[in-house]
Amino acid sequence: MPRLAARVNQIAPFYVMELVKRAAAMEAAGRDIIHMSIGEPDFTAIPAVVQAAEAAMQAGNTRYTAAVGIPALREAIAGFYQTRYGQTIDPARIVVTAGASGALHLACTALLNQGDEVLMADPAYPCNRHFVTATGGSARLIPTGPGERFQLTAEAVRQHWTNRTAGVMVATPGNPTGTSVSYDELGAIVQEVRNRGGFSIVDEIYLGLSYEGQGKSAVGLGEDVIIVNSFSKYFHMTGWRLGWLVVPPHLVSAFEKLAQNLIICAPALSQYAALACFTPQALDEFESRRRAFQQRRDYLLPEFHRLGLHVPVKPDGAFYIYADVSAHDDDSGELANRLLEHAGVCAVPGMDFGTVDVKRYMRFSYANSLERLQEAIHRIEAWLMR
Ligand SMILES: Cc1ncc(COP(=O)(O)O)c(C=O)c1O
(Lines give C-alpha, C1' and ligand atoms only; values in the text may rest on other atoms or scores of the structure.)
Protein backbone atom coordinates (compact mmCIF):
# COMPACT_ATOMS: atom_id res chain seq x y z
CA MET A 1 0.00 0.00 0.00
CA PRO A 2 1.30 3.53 -0.69
CA ARG A 3 2.31 5.36 2.46
CA LEU A 4 1.53 8.95 3.27
CA ALA A 5 4.16 11.64 3.66
CA ALA A 6 4.94 12.45 7.29
CA ARG A 7 3.71 16.02 6.88
CA VAL A 8 0.13 14.80 6.47
CA ASN A 9 0.09 13.80 10.14
CA GLN A 10 1.10 17.31 11.10
CA ILE A 11 -2.02 18.73 9.50
CA ALA A 12 -4.87 18.61 12.00
CA PRO A 13 -8.43 17.90 10.90
CA PHE A 14 -11.14 20.44 11.65
CA TYR A 15 -12.92 19.24 14.77
CA VAL A 16 -15.96 21.22 13.76
CA MET A 17 -16.44 18.96 10.76
CA GLU A 18 -17.59 16.19 13.12
CA LEU A 19 -20.06 18.64 14.58
CA VAL A 20 -21.21 19.75 11.13
CA LYS A 21 -21.67 16.09 10.12
CA ARG A 22 -23.80 15.52 13.23
CA ALA A 23 -25.77 18.67 12.42
CA ALA A 24 -26.38 17.36 8.88
CA ALA A 25 -27.60 14.02 10.27
CA MET A 26 -29.93 15.86 12.66
CA GLU A 27 -31.26 17.95 9.77
CA ALA A 28 -31.81 14.81 7.70
CA ALA A 29 -33.83 13.48 10.63
CA GLY A 30 -36.00 16.61 10.53
CA ARG A 31 -34.35 18.88 13.16
CA ASP A 32 -33.97 22.57 12.35
CA ILE A 33 -30.34 23.56 12.92
CA ILE A 34 -29.08 27.15 12.92
CA HIS A 35 -25.57 27.33 11.52
CA MET A 36 -23.24 29.74 13.25
CA SER A 37 -20.25 27.61 12.34
CA ILE A 38 -19.63 28.53 8.76
CA GLY A 39 -17.00 31.01 7.59
CA GLU A 40 -18.88 31.69 4.39
CA PRO A 41 -21.13 34.68 3.63
CA ASP A 42 -24.80 33.69 3.41
CA PHE A 43 -25.05 36.10 0.47
CA THR A 44 -23.98 34.67 -2.88
CA ALA A 45 -22.34 36.40 -5.85
CA ILE A 46 -24.19 39.51 -7.00
CA PRO A 47 -26.32 39.18 -10.20
CA ALA A 48 -23.88 41.32 -12.23
CA VAL A 49 -21.11 38.79 -11.51
CA VAL A 50 -23.31 35.88 -12.54
CA GLN A 51 -24.24 37.70 -15.77
CA ALA A 52 -20.58 38.46 -16.48
CA ALA A 53 -19.75 34.77 -15.99
CA GLU A 54 -22.52 33.78 -18.40
CA ALA A 55 -21.30 36.30 -20.97
CA ALA A 56 -17.71 35.10 -20.57
CA MET A 57 -18.80 31.53 -21.10
CA GLN A 58 -20.75 32.47 -24.25
CA ALA A 59 -17.77 34.44 -25.54
CA GLY A 60 -15.51 31.42 -25.07
CA ASN A 61 -13.35 33.03 -22.39
CA THR A 62 -12.75 29.62 -20.96
CA ARG A 63 -9.14 28.98 -21.88
CA TYR A 64 -6.02 29.21 -19.75
CA THR A 65 -5.16 32.78 -18.86
CA ALA A 66 -1.81 34.32 -17.99
CA ALA A 67 -0.50 32.70 -14.78
CA VAL A 68 -0.70 36.00 -12.90
CA GLY A 69 -4.25 36.70 -14.09
CA ILE A 70 -5.93 38.60 -16.93
CA PRO A 71 -4.57 42.14 -17.29
CA ALA A 72 -8.03 43.73 -16.92
CA LEU A 73 -8.55 42.10 -13.52
CA ARG A 74 -5.09 43.02 -12.25
CA GLU A 75 -5.80 46.60 -13.28
CA ALA A 76 -9.25 46.55 -11.66
CA ILE A 77 -7.75 45.27 -8.39
CA ALA A 78 -5.04 47.93 -8.47
CA GLY A 79 -7.78 50.52 -9.16
CA PHE A 80 -9.67 49.26 -6.09
CA TYR A 81 -6.65 50.03 -3.88
CA GLN A 82 -6.66 53.54 -5.33
CA THR A 83 -10.35 54.32 -4.88
CA ARG A 84 -10.94 52.43 -1.63
CA TYR A 85 -7.67 52.95 0.23
CA GLY A 86 -6.02 55.84 -1.61
CA GLN A 87 -3.00 53.63 -2.41
CA THR A 88 -1.35 53.63 -5.82
CA ILE A 89 0.04 50.26 -6.78
CA ASP A 90 1.42 48.97 -10.03
CA PRO A 91 -0.96 46.30 -11.47
CA ALA A 92 2.19 44.34 -12.32
CA ARG A 93 2.48 43.56 -8.59
CA ILE A 94 -0.91 41.79 -8.51
CA VAL A 95 -0.90 38.01 -8.82
CA VAL A 96 -4.38 36.54 -9.23
CA THR A 97 -4.77 33.22 -7.40
CA ALA A 98 -7.29 30.49 -6.64
CA GLY A 99 -8.65 32.14 -3.51
CA ALA A 100 -6.70 33.41 -0.54
CA SER A 101 -5.87 29.74 -0.01
CA GLY A 102 -4.05 29.65 -3.35
CA ALA A 103 -2.35 32.93 -2.46
CA LEU A 104 -1.14 31.65 0.92
CA HIS A 105 0.07 28.40 -0.60
CA LEU A 106 1.94 30.23 -3.33
CA ALA A 107 3.49 32.67 -0.86
CA CYS A 108 4.65 29.87 1.47
CA THR A 109 6.05 27.90 -1.47
CA ALA A 110 7.92 30.98 -2.67
CA LEU A 111 9.30 32.09 0.68
CA LEU A 112 9.97 29.09 2.92
CA ASN A 113 12.98 26.87 3.10
CA GLN A 114 12.88 23.52 4.89
CA GLY A 115 12.72 24.10 8.63
CA ASP A 116 12.01 27.83 8.46
CA GLU A 117 9.80 29.12 11.23
CA VAL A 118 6.88 31.49 10.74
CA LEU A 119 5.45 33.44 13.66
CA MET A 120 1.68 33.69 13.91
CA ALA A 121 -0.94 34.37 16.55
CA ASP A 122 -2.58 31.61 18.56
CA PRO A 123 -5.59 31.49 18.01
CA ALA A 124 -5.62 31.94 14.24
CA TYR A 125 -7.10 30.62 11.03
CA PRO A 126 -5.86 27.01 11.24
CA CYS A 127 -4.96 26.61 7.56
CA ASN A 128 -2.21 29.21 7.96
CA ARG A 129 -0.07 26.86 9.99
CA HIS A 130 -0.94 24.03 7.62
CA PHE A 131 0.26 25.97 4.56
CA VAL A 132 3.53 26.50 6.40
CA THR A 133 3.82 22.81 7.29
CA ALA A 134 2.87 21.67 3.79
CA THR A 135 5.68 23.75 2.30
CA GLY A 136 8.35 22.45 4.68
CA GLY A 137 8.24 25.19 7.30
CA SER A 138 7.18 25.16 10.86
CA ALA A 139 4.56 27.43 12.42
CA ARG A 140 5.51 29.05 15.71
CA LEU A 141 2.25 29.82 17.48
CA ILE A 142 2.52 32.88 19.70
CA PRO A 143 0.06 32.87 22.59
CA THR A 144 -2.23 35.87 22.46
CA GLY A 145 -5.22 37.00 24.47
CA PRO A 146 -7.62 39.90 24.84
CA GLY A 147 -4.76 42.22 25.87
CA GLU A 148 -3.29 41.96 22.35
CA ARG A 149 -6.71 41.76 20.67
CA PHE A 150 -5.71 38.12 19.93
CA GLN A 151 -3.13 39.39 17.47
CA LEU A 152 0.64 39.40 17.03
CA THR A 153 2.47 42.46 18.37
CA ALA A 154 5.82 44.04 17.55
CA GLU A 155 6.94 43.09 21.05
CA ALA A 156 6.04 39.44 20.40
CA VAL A 157 8.07 39.54 17.17
CA ARG A 158 11.09 40.89 19.09
CA GLN A 159 10.66 38.30 21.81
CA HIS A 160 10.08 35.19 19.70
CA TRP A 161 12.27 35.81 16.63
CA THR A 162 15.11 33.30 16.42
CA ASN A 163 17.71 32.55 13.79
CA ARG A 164 15.28 29.98 12.36
CA THR A 165 12.49 32.54 11.90
CA ALA A 166 11.81 33.53 8.30
CA GLY A 167 8.79 35.78 8.72
CA VAL A 168 5.35 36.42 10.13
CA MET A 169 1.78 35.83 9.05
CA VAL A 170 -0.94 38.19 10.24
CA ALA A 171 -4.63 38.13 9.36
CA THR A 172 -6.34 41.44 10.12
CA PRO A 173 -9.27 41.52 10.81
CA GLY A 174 -8.64 38.01 12.04
CA ASN A 175 -10.38 34.68 12.11
CA PRO A 176 -11.67 33.43 14.63
CA THR A 177 -11.82 36.68 16.59
CA GLY A 178 -12.89 39.37 14.09
CA THR A 179 -10.35 41.69 15.73
CA SER A 180 -7.79 43.84 13.90
CA VAL A 181 -4.25 44.85 14.62
CA SER A 182 -4.09 48.66 14.86
CA TYR A 183 -2.39 50.18 11.83
CA ASP A 184 0.39 51.59 14.00
CA GLU A 185 1.05 48.21 15.57
CA LEU A 186 1.01 46.54 12.16
CA GLY A 187 3.53 49.10 10.96
CA ALA A 188 5.71 48.32 13.98
CA ILE A 189 5.45 44.56 13.33
CA VAL A 190 6.44 45.04 9.70
CA GLN A 191 9.39 47.21 10.76
CA GLU A 192 10.64 44.60 13.28
CA VAL A 193 10.44 41.94 10.58
CA ARG A 194 12.13 44.21 8.04
CA ASN A 195 14.96 44.90 10.50
CA ARG A 196 15.57 41.16 10.68
CA GLY A 197 15.42 40.58 6.91
CA GLY A 198 12.24 38.51 7.10
CA PHE A 199 8.92 38.56 5.27
CA SER A 200 5.52 39.87 6.39
CA ILE A 201 2.46 38.21 4.92
CA VAL A 202 -0.67 40.20 5.76
CA ASP A 203 -3.96 38.46 5.02
CA GLU A 204 -6.59 41.14 4.39
CA ILE A 205 -9.40 38.80 3.34
CA TYR A 206 -11.73 40.47 5.88
CA LEU A 207 -10.50 44.04 5.44
CA GLY A 208 -13.52 44.94 3.28
CA LEU A 209 -15.71 43.79 6.17
CA SER A 210 -14.48 46.39 8.66
CA TYR A 211 -17.08 48.04 10.88
CA GLU A 212 -15.23 50.76 12.76
CA GLY A 213 -14.16 52.91 9.83
CA GLN A 214 -12.96 51.64 6.50
CA GLY A 215 -9.81 49.85 7.60
CA LYS A 216 -6.42 50.57 6.05
CA SER A 217 -4.53 48.26 3.75
CA ALA A 218 -1.01 47.22 4.65
CA VAL A 219 0.00 48.04 1.07
CA GLY A 220 0.69 51.48 2.54
CA LEU A 221 3.35 50.00 4.84
CA GLY A 222 5.86 49.38 2.08
CA GLU A 223 6.43 47.43 -1.12
CA ASP A 224 8.09 44.61 0.81
CA VAL A 225 4.82 43.59 2.53
CA ILE A 226 3.08 40.62 0.90
CA ILE A 227 -0.67 41.16 0.85
CA VAL A 228 -3.24 38.37 0.56
CA ASN A 229 -6.85 39.04 -0.37
CA SER A 230 -9.79 37.22 -1.87
CA PHE A 231 -13.12 37.47 -3.65
CA SER A 232 -14.60 35.03 -1.09
CA LYS A 233 -15.76 37.29 1.72
CA TYR A 234 -16.37 40.96 0.84
CA PHE A 235 -17.24 40.02 -2.75
CA HIS A 236 -19.25 36.92 -1.77
CA MET A 237 -17.67 34.60 -4.35
CA THR A 238 -16.53 31.67 -2.19
CA GLY A 239 -16.91 28.78 -4.64
CA TRP A 240 -15.52 30.77 -7.55
CA ARG A 241 -12.05 30.26 -6.08
CA LEU A 242 -10.51 33.61 -6.74
CA GLY A 243 -8.11 35.74 -4.74
CA TRP A 244 -4.96 37.73 -5.18
CA LEU A 245 -1.57 38.68 -3.84
CA VAL A 246 0.23 42.00 -3.94
CA VAL A 247 3.91 41.08 -4.07
CA PRO A 248 7.13 43.08 -3.90
CA PRO A 249 8.21 44.10 -7.44
CA HIS A 250 11.41 42.05 -7.33
CA LEU A 251 9.48 38.85 -6.50
CA VAL A 252 6.81 39.05 -9.22
CA SER A 253 8.64 36.90 -11.75
CA ALA A 254 9.39 34.20 -9.16
CA PHE A 255 5.71 34.09 -8.12
CA GLU A 256 4.75 34.01 -11.80
CA LYS A 257 7.07 31.05 -12.43
CA LEU A 258 5.62 29.14 -9.48
CA ALA A 259 2.02 29.95 -10.50
CA GLN A 260 2.74 28.74 -14.04
CA ASN A 261 4.04 25.47 -12.68
CA LEU A 262 1.63 24.84 -9.83
CA ILE A 263 -1.78 25.95 -11.10
CA ILE A 264 -1.27 27.37 -14.64
CA CYS A 265 -3.86 30.04 -13.78
CA ALA A 266 -6.80 30.86 -11.53
CA PRO A 267 -10.23 29.88 -12.98
CA ALA A 268 -10.71 31.88 -16.19
CA LEU A 269 -14.49 32.29 -15.92
CA SER A 270 -14.19 33.54 -12.35
CA GLN A 271 -11.62 36.10 -13.42
CA TYR A 272 -13.84 37.51 -16.17
CA ALA A 273 -16.85 37.46 -13.85
CA ALA A 274 -14.96 39.29 -11.09
CA LEU A 275 -14.46 42.28 -13.37
CA ALA A 276 -18.11 43.07 -12.59
CA CYS A 277 -17.23 43.59 -8.90
CA PHE A 278 -15.69 46.99 -9.41
CA THR A 279 -18.48 49.11 -10.89
CA PRO A 280 -19.94 51.78 -8.57
CA GLN A 281 -23.25 49.86 -8.43
CA ALA A 282 -21.53 46.61 -7.46
CA LEU A 283 -19.47 48.35 -4.79
CA ASP A 284 -22.68 49.94 -3.42
CA GLU A 285 -24.18 46.48 -3.15
CA PHE A 286 -21.14 45.14 -1.29
CA GLU A 287 -21.31 48.09 1.06
CA SER A 288 -24.96 47.47 1.79
CA ARG A 289 -24.16 43.83 2.56
CA ARG A 290 -21.32 44.98 4.80
CA ARG A 291 -23.83 47.12 6.71
CA ALA A 292 -26.08 44.06 7.05
CA PHE A 293 -23.20 42.16 8.69
CA GLN A 294 -22.55 45.11 10.97
CA GLN A 295 -26.22 45.20 11.97
CA ARG A 296 -26.05 41.51 12.90
CA ARG A 297 -22.91 42.06 14.95
CA ASP A 298 -24.54 45.00 16.72
CA TYR A 299 -27.60 42.90 17.49
CA LEU A 300 -25.59 39.93 18.79
CA LEU A 301 -23.04 41.62 21.03
CA PRO A 302 -25.48 42.90 23.69
CA GLU A 303 -27.40 39.63 23.50
CA PHE A 304 -24.22 37.65 24.11
CA HIS A 305 -23.47 39.91 27.06
CA ARG A 306 -26.98 39.35 28.46
CA LEU A 307 -26.57 35.56 28.16
CA GLY A 308 -23.20 35.50 29.92
CA LEU A 309 -21.30 34.72 26.72
CA HIS A 310 -18.51 37.15 27.43
CA VAL A 311 -16.88 38.80 24.41
CA PRO A 312 -13.57 40.12 25.72
CA VAL A 313 -12.66 42.20 22.66
CA LYS A 314 -15.26 43.85 20.45
CA PRO A 315 -14.82 42.39 16.98
CA ASP A 316 -14.33 45.21 14.48
CA GLY A 317 -14.47 43.13 11.32
CA ALA A 318 -15.14 39.78 9.58
CA PHE A 319 -18.33 37.94 10.68
CA TYR A 320 -17.16 36.19 13.81
CA ILE A 321 -17.61 36.62 17.53
CA TYR A 322 -15.05 34.86 19.73
CA ALA A 323 -16.86 34.39 23.02
CA ASP A 324 -15.64 33.22 26.41
CA VAL A 325 -18.17 30.55 27.33
CA SER A 326 -16.56 29.56 30.64
CA ALA A 327 -19.50 30.88 32.66
CA HIS A 328 -21.51 27.98 31.22
CA ASP A 329 -19.00 25.17 30.77
CA ASP A 330 -15.29 24.71 31.37
CA ASP A 331 -14.92 22.85 28.08
CA SER A 332 -16.10 24.67 24.97
CA GLY A 333 -15.91 21.40 22.99
CA GLU A 334 -18.50 19.91 25.32
CA LEU A 335 -20.58 23.06 25.20
CA ALA A 336 -20.53 23.04 21.39
CA ASN A 337 -21.86 19.46 21.44
CA ARG A 338 -24.60 20.27 23.92
CA LEU A 339 -25.53 23.49 22.15
CA LEU A 340 -26.07 21.51 18.97
CA GLU A 341 -27.93 18.71 20.72
CA HIS A 342 -30.23 20.78 22.90
CA ALA A 343 -30.54 24.18 21.21
CA GLY A 344 -30.01 23.14 17.60
CA VAL A 345 -27.28 25.78 17.17
CA CYS A 346 -23.98 24.80 15.55
CA ALA A 347 -20.87 26.85 16.47
CA VAL A 348 -17.14 26.10 16.54
CA PRO A 349 -15.15 25.24 19.70
CA GLY A 350 -11.90 27.14 20.23
CA MET A 351 -9.75 24.02 19.77
CA ASP A 352 -10.05 24.37 16.00
CA PHE A 353 -8.01 27.56 16.11
CA GLY A 354 -5.03 26.95 18.33
CA THR A 355 -3.91 25.86 21.74
CA VAL A 356 -4.21 28.80 24.12
CA ASP A 357 -7.25 28.86 26.41
CA VAL A 358 -9.17 27.09 23.68
CA LYS A 359 -11.54 25.34 26.08
CA ARG A 360 -12.69 28.74 27.22
CA TYR A 361 -13.71 30.08 23.80
CA MET A 362 -16.08 29.40 20.94
CA ARG A 363 -16.39 31.06 17.56
CA PHE A 364 -19.86 32.11 16.50
CA SER A 365 -20.27 33.14 12.87
CA TYR A 366 -22.96 35.66 11.98
CA ALA A 367 -22.93 34.79 8.29
CA ASN A 368 -26.62 34.00 8.67
CA SER A 369 -29.76 36.13 8.39
CA LEU A 370 -30.77 38.41 11.24
CA GLU A 371 -33.99 36.42 11.68
CA ARG A 372 -32.08 33.16 12.09
CA LEU A 373 -29.63 34.80 14.47
CA GLN A 374 -32.55 36.11 16.55
CA GLU A 375 -33.97 32.60 16.63
CA ALA A 376 -30.53 31.27 17.68
CA ILE A 377 -30.44 33.71 20.59
CA HIS A 378 -33.93 32.64 21.71
CA ARG A 379 -32.93 29.00 21.59
CA ILE A 380 -29.63 29.52 23.39
CA GLU A 381 -31.39 31.56 26.06
CA ALA A 382 -34.14 28.97 26.55
CA TRP A 383 -31.52 26.24 26.89
CA LEU A 384 -29.10 28.12 29.16
CA MET A 385 -31.85 29.40 31.44
CA ARG A 386 -33.69 26.07 31.60
C1 LIG B 1 -8.24 34.35 7.48
C2 LIG B 1 -8.58 33.57 6.26
N3 LIG B 1 -7.68 33.50 5.26
C4 LIG B 1 -7.92 32.79 4.16
C5 LIG B 1 -9.10 32.10 3.99
C6 LIG B 1 -9.31 31.30 2.72
O7 LIG B 1 -10.29 31.86 1.90
P8 LIG B 1 -10.44 31.61 0.34
O9 LIG B 1 -9.46 30.59 -0.06
O10 LIG B 1 -11.87 31.17 0.13
O11 LIG B 1 -10.19 32.92 -0.32
C12 LIG B 1 -10.08 32.13 4.99
C13 LIG B 1 -11.34 31.39 4.85
O14 LIG B 1 -12.17 31.30 5.74
C15 LIG B 1 -9.81 32.89 6.17
O16 LIG B 1 -10.69 32.97 7.18
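A: Let us begin with one list of lining residues. The second largest cavity is lined by F80, Y85, E204, I205, G208, N229, S230, Y234, F235 and W244. The model is a predicted one.

Q: Which elements give two or more residues to the lining of the second largest cavity?

A: They are α3 (71-85) and β7 (226-230).

Q: How does the lining of the second largest cavity divide by class, and how much space lies inside that cavity?

A: A lining can be read by sorting its residues into classes. Here 6 are nonpolar, 3 are polar and 1 is charged. About 50 Å³ of space lies within this second largest cavity.

Q: How many cavities of 30 Å³ or more are counted?

A: The count is 3. The largest cavity holds about 110 Å³ of space.

Q: Which residues lie nearest the centre of the largest cavity?

A: Of the 14 residues in its lining, A121, P123, A124, Q151 and A171 lie nearest the centre. By class, the lining of this largest cavity comprises 9 nonpolar and 5 polar residues, with no charged residue.

Q: Which strands each supply at least two residues of the lining of the largest cavity?

A: These are β3 (117-122) and β5 (165-171). The largest share of that lining, 3 residues, comes from β5.

Q: What is the general idea for the side chains of a strand?

A: In a regular strand, side chains alternate between the two faces of the sheet. For the case at hand, the pairing partners of β5 can be examined.

Q: In which sense do β3 and β5 run, parallel or antiparallel?

A: They run parallel and are joined by 4 bridges. Within this pairing, E117 stands opposite T165 of β5.

Q: How many bridges does β5 form with strand β6?

A: Over 5 bridges, β5 pairs in the parallel sense with β6 (residues 199-203). A171 stands opposite D203 in β6; A171 is also one of the residues nearest the centre of the largest cavity.

Conventions:
Residues numbered from 1 in each chain as written. Predicted model: local features only at pLDDT ≥ 70, side-chain atom pairs only at ≥ 80, totals over all residues. Heavy atoms only, no water. 1 Å grid on protein atoms, 1.4 Å probe; cavity = no way out; pocket = protein on both sides within 12 Å on 5 of 7 lines; lining within 4 Å. Points joined across faces, edges and corners; volume = space filled by probe spheres on them. Nonpolar A, V, L, I, M, F, W, Y, C, P; charged D, E, K, R; others polar. Pairing = 2+ DSSP bridges.
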